[in-house]
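Biologist: Hello! I am new to this structure and would like to understand the words you use for it. Could you show it to me first?

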Amino acid sequence: RALLFDASSKDIIQVPTNPLYSGGSGGYLTESPTRTVSCWVLCNTKSGGFAFVSNSTSESVGQPGWMLGRTGSSDYFRYASDGTANSNGGLVTGTTNFSTGVWYHVVGTHTGSIATLYVNGIAEATTAYSNWSISTQPLTFGKWYSNYDCCYLDGLLDDVRLYRRAL
């Protein structure tokens, strides 16, 4: 069963910061730069930037972490493997001009040197990128920046999967 996120109600799910998966020594998704973030998403709007799943933070210097979602006024899905669209850290932008009310399978991978975005099983964008950063923010579903009041998903999210390797 998919989870409904209502941007106007600021619906989110957060998994509290824990060294097993986020931030600090031995973090599940931050211990090394290799990861895969996968989900099924149905968006109800194309306005504003939002994330399906993220572990990112907005700071005055740098924006550590990663996000899978949509940024700014782009009509395409994006994966930032280190930072966000503002820092362009490993940012890849898909080519599918997504429609509202339609399910998409969106996957972001990072091998440690290559970031790739897949939409419905097709690699749509790749960039060479070997840096990575750690965010101490909670793992967040339905919102971009964990510590900032913006960027909420308006739609459905299902079958979110996080891997510690690039698939």
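Biologist: How do you know that β4 and strand β11 (residues 139-141) pair, and in which sense do they run?

Modeller: Good place to start, and please keep in mind that this is a predicted model. Pairing takes at least two bridges between the strands. β4 and β11 are joined over two bridges, so they count as a pair, and the sense is antiparallel. In one of these bridges, S54 has T140 of β11 as its partner.

Biologist: What makes β4 and strand β5 (residues 65-70) a pair?

Modeller: Six bridges join β4 to β5. The cut-off is at least two, so β4 and β5 pair as well. These strands run antiparallel. Here S54 turns up again, with M67 as its bridge partner in β5.

Biologist: Why is strand β4 (residues 50-56) called largely enclosed?

Modeller: A residue is buried when its relative accessible area is under 20%. In β4, seven of the seven residues are buried, so the rest of the structure largely encloses this strand.

Biologist: Why is N120 called partly exposed?

Modeller: Its relative accessibility is 42%. Partly exposed lies between the buried limit of 20% and the exposed limit of 50%, so N120 belongs there. You will find N120 in the loop between β9 (114-119) and β10 (122-128). N120 also has a positive phi of about 50°, although it is not a glycine.

Biologist: And how do you know that D159 is partly exposed?

Modeller: D159 has a relative accessible area of 35%. That value falls between 20% and 50%, so D159 is partly exposed. D159 sits in strand β12 (residues 155-163) and, while not a glycine, has a positive phi of about 50°.

Technical notes:
Residues are numbered from 1 along each chain as its sequence is written. This is a predicted model: local features need pLDDT of at least 70, side-chain atom pairs count only at pLDDT 80 or more; totals for chains, interfaces and linings use all residues. Side-chain values use heavy atoms; hydrogens and water are left out. Helices (H or I, at least four residues) and strands (E, at least two) are DSSP runs, numbered from the N terminus. Buried means under 20% relative accessible area, exposed over 50%, partly exposed in between (1.4 Å probe, protein chains only).
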